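Reader: I am new to this structure and would like to learn how to read it. Could you walk me through a few features, one at a time?

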Amino acid sequence: MGLPWGCGQPSFTIHARDLLTSLVTLLLLRLGSAQLRVVGPRHPVSATVGQDVVLPCHLSPQRDARTLDVRWIRKEFSETVHHYRNGEDLYGEQMGAYVRRTELVRDGLSAGRLDLRIMGLTPSDDGLYVCTVEDAHAYKEAIVDLEVSATGADPHLSLGGYEAGGVRVLCRSASWYPLPQLLWRDARGQHLPSVSQTHSQDQEGLFEIEGAVIVTGSVEGPLSCVVRSSRLQQERESSLHIAAPLFHNAQPWMVALALVLVLLAVSIGLGVYLLRKQVQQAAQIEEKAERLEEQAAELAWRRCLLPHNRVKVTLDPRTAHPQLVVSQDNSSVRWEREWQQVSEIPERFDNWRCVLGHTEFREGRHCWLVEVEGERLKDTWWAVGVARASVERKGYFKGSPEGGIWAVQYFHGKIMSLTSPPTDLPLSPVPTRIWVCLDCTQGQVSFINADNGVEIFTFTAASFNGEGIRPWFLLWTQGIQLCLRDSTPQTPSPALGGSCPSPDTPASPLLGPAGAAQE
């Protein structure tokens with residue numbers, strides 16, 4: 001005899017409930033992934049020179065970070081401090097200053113903590129760090145401010161001799177970071193003005209400060225020198241009591257000194273006058289030489305902008321990073337979070353989001369126009385310039401002349417030249433239409449604001465060593481694109497406006513999914 005129909009209903013109800021629970025869980029996971037944030041501390045992290053410090057950073061909402069690409073970057077230099085990916089620490093691209101000094105705190109990775117430990121702090125570690133997380137679907141970052149401090153030694157007081165009717169007292173204290181304040185106080189706690197104050201840094205970056213004060217007979221009781229750190233809210237103090245007989249000797253000494261100075265002034269007055277004339281003439285000659293050198297440099301890039309030096313430049317999609325999409329006519333490029341299915345070939349960049357131009361230059365002067373287009377121009381990361389044809393394509397390399405790159409970069413509100421270290425360029429507003437001028441003969445690369453003709457920056461004495469030079473572009477932000485304008489004399493001037501083609505699909509054929517699995 002079979003079971004009644006009602007006996008099968010509980011099993012059906014349980015399966016339906018399990019299915020509904022699974023669907024809700026999957027939906028919550030997808031929503032959580034879409035809202036993933038990287039969170040850093042709201043306040044600066046304080047630490048002392050010589051100690052270890054942990055820079056906190058975590059995912060919100062909480063999720064397992066052991067399979068993610070986690071990178072800590074030094075914001076000022078845009079270089080890697082520590083790189084972790086899929087359970088491994090990648091030290092090959094690490095800044096030299098942090099070798100064997102960093103580690104990702106593994107205990108918290110499963111709970112979404114991305115904390116970085118830096119060991120044996122030095123003054124040069126002071127500054128901003130960027131905690132970044134990247135997977136196939138998202139790129140997020142948070143900034144962590146590290147304040148490194150050091151409390152120096154007790155001030156050392158000494159006498160420097162008679163001066164201005166009083167006694168000169170010196171105060172010196174070393175091993176401070178950052179630069180402290182030096183103050184003078186009398187016995188009643190009143191501040192005394194310093195007559196001089198200097199400071200210097202040792203090889204480790206610690207400051208030594210020295211100050212001087214003139215003490216007269218009107219100052220009663222002990223004299224105190226106070227060295228104070230405003231960051232640590234700590235101070236060191238030392239006192240000195242000057243005996244009264246010292247002040248009695250001050251005036252006669254000053255009279256004798258005045259007589260000697262008068263005699264010396266009479267005897268060497270003419271010599272001083274002639275020396276001043278010589279110094280003035282030398283300064284005028286040096287100023288004229290500098291002016292001529294500046295004029296020669298300006299003439300070089302202006303000569304580069306002549307119509308016959310303007311060239312049509314296109315992009316080489318074979319070199320484009322898998323996250324860069326090049327337009328069909330190879331005249332523009334944009335960045336996408338999704339990796340393109342492109343062939344993995346030696347010519348292609350696999351870490352830096354770069355692409356090269358097709359043309360290779362070896363001699364002569366050449367100039368082309370690059371325009372940055374898009375709605376999100378403030379919080380973006382892009383760079384334009386030139387690179388040696390043999391520039392490294394695999395892994396992370398130095399974005400500077402040492403790495404074979406001469407370029408200017410815009411990164412989160414600042415434009416800078418990629419010298420070593422980078423040089424901030426205080427330009428307002430930030431140019432979005434830039435002439436790139438290459439002079440192979442003179443070894444010079446110039447960048448000109450196409451809107452007003454003002455020079456942005458010039459690399460002089462560039463070491464091309466006879467090697468071919470190609471246009472170079474970097475783009476690491478969604479919402480904008482870099483466009484190459486046809487600035488050759490045969491065509492109407494594209495510098496007056498227009499919109500570059502939208503790179504809807506990659507120009508290179510789809511040869512396989514190799515690029516999508518690299519990071």
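Author: What follows is a short tour of a predicted model, going from disulfides to aromatic rings, then to the backbone and one serine.

Reader: Let us begin with disulfides. How many does a search of the whole structure find?

Author: The general idea is this: a disulfide is a covalent bond between the sulfur atoms of two cysteines. In this model, the search of the whole structure turns up 2 disulfides.

Reader: What joins C57 to C131, and where do these two residues lie?

Author: C57 and C131 are joined by a disulfide, with an S to S distance of 2.3 Å. C57 sits in the loop between β3 (53-55) and β4, while C131 belongs to strand β10 (residues 127-134), so the pair ties together parts that are 74 residues apart in sequence.

Reader: Why is the disulfide of C57 and C131 called left-handed?

Author: Look at the torsion about its S-S bond: for C57 and C131 the value is about -85 degrees, so the disulfide is left-handed.

Reader: Are C57 and C131 buried or exposed?

Author: Both C57 and C131 are buried.

Reader: Now the disulfide from C171 to C225: which strands hold its two cysteines?

Author: In this disulfide the S to S distance between C171 and C225 is 2.0 Å. C171 is in strand β13 (residues 166-176) and C225 is in strand β18, which puts them 54 residues apart, and the pair links distant parts of the chain. The torsion about the S-S bond of C171 and C225 is about -80 degrees, so this disulfide is left-handed.

Reader: What are the relative accessible areas of C171 and C225?

Author: The cut-off to keep in mind is that buried means under 20% relative accessible area. C171 has 1%, so it is buried, and C225 has 0%, so it is buried too. You can read other cysteines in this way: C367 counts as buried at 0% relative accessibility, and C440 is buried with a relative accessible area of 12%.

Reader: Let us turn to the aromatic rings. How many aromatic pairs does the count come to?

Author: In general, a pair of aromatic rings is described by the distance of the centres and the angle of the planes. Here the count comes to 14 aromatic pairs. Take W406 and F464 as one of them: the ring centres are 5.1 Å apart and the planes stand at 85 degrees, so the pair is edge-to-face.

Reader: Where do W406 and F464 lie along the chain?

Author: W406 is part of strand β25 (residues 405-411), and F464 is in the loop between β30 (455-459) and β31 (469-475), so this pair ties together parts that are 58 residues apart in sequence. W406 is buried, and so is F464.

Reader: What is the geometry of the rings of F457 and F459?

Author: The centres of F457 and F459 are 4.9 Å apart and the planes are at 75 degrees, so this pair is edge-to-face. F459 counts as buried, at 6% relative accessibility.

Reader: Which residues form one aromatic cluster, and what lies over the face of F349?

Author: The cluster is made up of F349, W352, W381, Y396, F397, F411 and W476. Over the face of F349 lies R393, at 5.6 Å from the ring centre.

Reader: Next, the backbone. Which residues does a cis peptide bond join?

Author: For this feature, look at the angle omega. A cis peptide bond joins S60 and P61, with omega about 0 degrees, and P61 is in the loop between β4 (58-60) and β5 (69-74). A cis peptide bond also joins S428 and P429, with omega about -5 degrees; P429 is in the loop between β27 (423-424) and β28 (433-439).

Reader: What is the phi of R100, and what is that of Q233?

Author: R100 has a positive phi of about 60 degrees although it is not a glycine. R100 is in the loop between β7 (88-89) and β8 (102-104), and at 77% relative accessibility it counts as exposed. Q233, also not a glycine, has a positive phi of about 55 degrees. Q233 is in the loop between β18 (223-229) and β19 (234-240) and counts as exposed at 68% relative accessibility.

Reader: Finally, what does S224 touch?

Author: S224 is in strand β18 and counts as buried at 9% relative accessibility. Leaving out residues up to four places away in sequence, S224 touches L183, W184, R185, E237, S238 and S239. With E237 there is a polar contact between the two side chains, at 3.3 Å.

Terms used. Residues numbered from 1 in each chain as written. Predicted model: local features only at pLDDT ≥ 70, side-chain atom pairs only at ≥ 80, totals over all residues. Heavy atoms only, no water. Helix = DSSP H or I, 4+ residues; strand = E, 2+ residues; numbered from the N terminus. Buried < 20%, exposed > 50% of the residue type's maximum accessible area, 1.4 Å probe, protein only. Disulfide = S-S within 2.5 Å. Phe/Tyr/Trp six-rings, centres within 6.5 Å; stacked < 30°, edge-to-face > 60°. Lys NZ or Arg CZ within 6 Å of the ring centre and 35° of its normal. Polar contact = N/O pair within 3.5 Å; in protein donor to acceptor, adjacent residues only side chain to side chain. Contact = heavy atoms within 4.5 Å.
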